[in-house]
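This report describes a two-chain structure in running text. Please keep the sequence and the model in view while reading.

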Amino acid sequence: MDQTKQEEEYGYDLFPERKPGEHKKTSIAESLFTFNHKCQVMLQFAVETSEYQLFSLFLSGCSKVFKDRHFSCEDCDGTVSGGFDAASSQIVLCQNNIHQQSHMNRVVTHELIHAFDHCRAHVDWFNNFRHLACSEIRAANLSGDCSFTNEVARFNFGFKRHHQECVRGRALRSILAVRKISRAEAEKIVDEVFDSCFNDHAPFGRIPHSKRDAKFAYRDYMNRDRYYANL
Amino acid sequence: SLLISCQFESVWLFSFDVNKPPRACEDYWSEFRHCKSFKNWFHHYYTYGTVPSCQQWKEDYHNCREWEKHRGTEAKEALRRSEKIRVAEQRNFIPVWQLRQEPPRDWHVPLNQEKPQDS
């Protein structure tokens, strides 16, 4: 397939530093004149301090996620914050669009859920829109993207059951950002898989809304041998 | 002898792990307290549009204590039933994709480095 066409079809045009199949190391100059260093620092902090991330890290079935191998800080187009590149098994963090630690934490969690899905299932990222939609629904649902406070910050003032509306909307946006399909088509696909994917809470066993949810989910994971042995 | 000690250890761990409640009894109580908290009520209503139901955690806690103290089969069975329902609830959907038997082969494959410039 023609490279430009492939880039556009799979959303690679949003990540101009990333050509499918190639890898480029960041030069010192780039490090100094871009947000690369800030991104690396925030990434380090996110990986070290948040329980969410630790959780996904060893549950992925890929057994280990290495910061230097599986994460990459890059400049991206537009307002996109990050992405998961299945071709290189990397999580892309948009250094020019992530400026706060809390945002970094959220993006890392979101992308780790994609990585988790990639590791535990045969996800056909490039050709199966239902798979893509499912992972986006799960990522929006479980990463904190749709928390009440984040929605209020976006001036979306909903309350009763609003979480689901947000998840639907953000999944839709994510799909439309990286694939060339019509909004109507994307909505139809999201509707088809929503019930299944919204209720898939792996690896947390619940929707983690707070630190305590995450702590309890972690506790359940550490206790799993005893749990299943005694059912 | 190393092999024997490993086997012994795994047998010991296994017997240490079974014939107990699925969770430590304090875990049931902390889940109950967490369920009843305002934060949880808020998040539950925000997510599902309904108020959370917490009674089951409390019952499970009492059954857990009962099992630990008196080893009663009724308490044990009640607790197991409750947990099995929880497991079933978490699996109550038809997966969109097929699960892997093994992780993707290229997960740890090193990225291609750019060839160094000729000086």
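A:D220 counts as partly exposed, because its relative accessible area is 27%; on this scale buried means under 20%, exposed over 50% and partly exposed in between, using a 1.4 Å probe and protein chains only. The side chain of A:D220 meets that of A:R206 in a salt bridge, at 3.0 Å from N to O. A salt bridge here is a side-chain nitrogen of Lys or Arg within 4 Å of a carboxyl oxygen of Asp or Glu. A:R206 lies in the loop between α10 and α11 of chain A and A:D220 in helix α11 of chain A, so the pair ties together parts that are 14 residues apart in sequence. Helices (H or I, at least four residues) and strands (E, at least two) are DSSP runs, numbered from the N terminus. A:R206 counts as buried, because its relative accessibility is 16%.

This is a predicted model, in which local features need pLDDT of at least 70, side-chain atom pairs count only at pLDDT 80 or more, and totals for chains, interfaces and linings use all residues. Residues are numbered from 1 along each chain as its sequence is written, chains are lettered from A and ligands numbered from 1 in the order in which they are written, and side-chain values use heavy atoms, with hydrogens and water left out.

**Salt bridges**

Over all chains, the rule counts 23 salt bridges. The table lists some of them.

| Pair | Closest N and O atoms |
|---|---|
| A:R18 and A:D85 | 2.9 Å |
| B:D27 and A:R219 | 3.2 Å |
| B:E31 and A:R219 | 3.8 Å |

A:R18 and A:D85 form a salt bridge with the closest N and O atoms 2.9 Å apart. This pair links distant parts of the chain, 67 residues apart: A:R18 is in the loop between α1 (3-9) and α2 (28-33) of chain A, and A:D85 is in strand β2 of chain A. Both A:R18 and A:D85 are buried.

The salt bridge of B:D27 with A:R219 has its closest N and O atoms 3.2 Å apart. It crosses between chains, from helix α2 of chain B, which holds B:D27, to helix α11 of chain A, which holds A:R219. B:D27 is classed as buried because its relative accessible area is 13%. Through shared partners, salt bridges join A:R206, A:R219, A:D220, B:R23, B:D27, B:E31, B:D60, B:E83 and B:R86 into one network.

**The interface**

How many residues of each chain are in contact with the other chain? The contact, defined as heavy atoms within 4.5 Å, involves 65 residues of chain A and 46 residues of chain B. The area buried between the two chains is about 5,100 Å², and carbon and sulfur atoms give 55% of it. Buried area is the accessible area (1.4 Å probe) that two parts lose on being put together, summed over both. On the side of chain A, the residues that lose the most area to chain B are A:R226, A:N230 and A:L231, together 15% of what that side buries.

Four salt bridges are found across the interface of chain A and chain B. The predictor gives the complex an ipTM of 0.87 and a pTM of 0.87.

**A buried tryptophan in chain B**

B:W57 is found in helix α4 (residues 55-70) of chain B. B:W57 is classed as buried because its relative accessible area is 13%. Not counting residues up to four places away in sequence, B:W57 touches B:R23, B:Y28, B:E31, B:F32, B:C35 and B:R86. B:W57 and B:E31 are 26 residues apart in sequence, and their C-alpha atoms are 6.6 Å apart in space.

**Backbone details**

A cis peptide bond, with omega about 0°, joins A:A202 and A:P203. A:P203 is placed in the loop between α10 and α11 of chain A.

Which value does phi take at A:S89, a residue other than glycine? Phi of A:S89 is near 55°, a positive value. A:S89 lies in the loop between β2 (82-85) and β3 (90-94) of chain A, and counts as buried because its relative accessibility is 0%. Phi of B:R71 is also positive, near 55°. B:R71 lies in the loop between α4 and α5 (73-90) of chain B, and is partly exposed, with a relative accessible area of 47%.

**Confidence in chain B**

Chain B averages a pLDDT of 85, and 81% of the residues score at least 70; pLDDT is the predictor's confidence in each residue, from 0 to 100. Among the elements of chain B, helix α2 (residues 25-36) has the highest mean pLDDT (98) and helix α1 (residues 2-17) the lowest (49). Over residues 1-12 of chain B, pLDDT stays under 50 and the model has zero contacts beyond four places in sequence. Where pLDDT is low, the predicted coordinates should not be read in detail.
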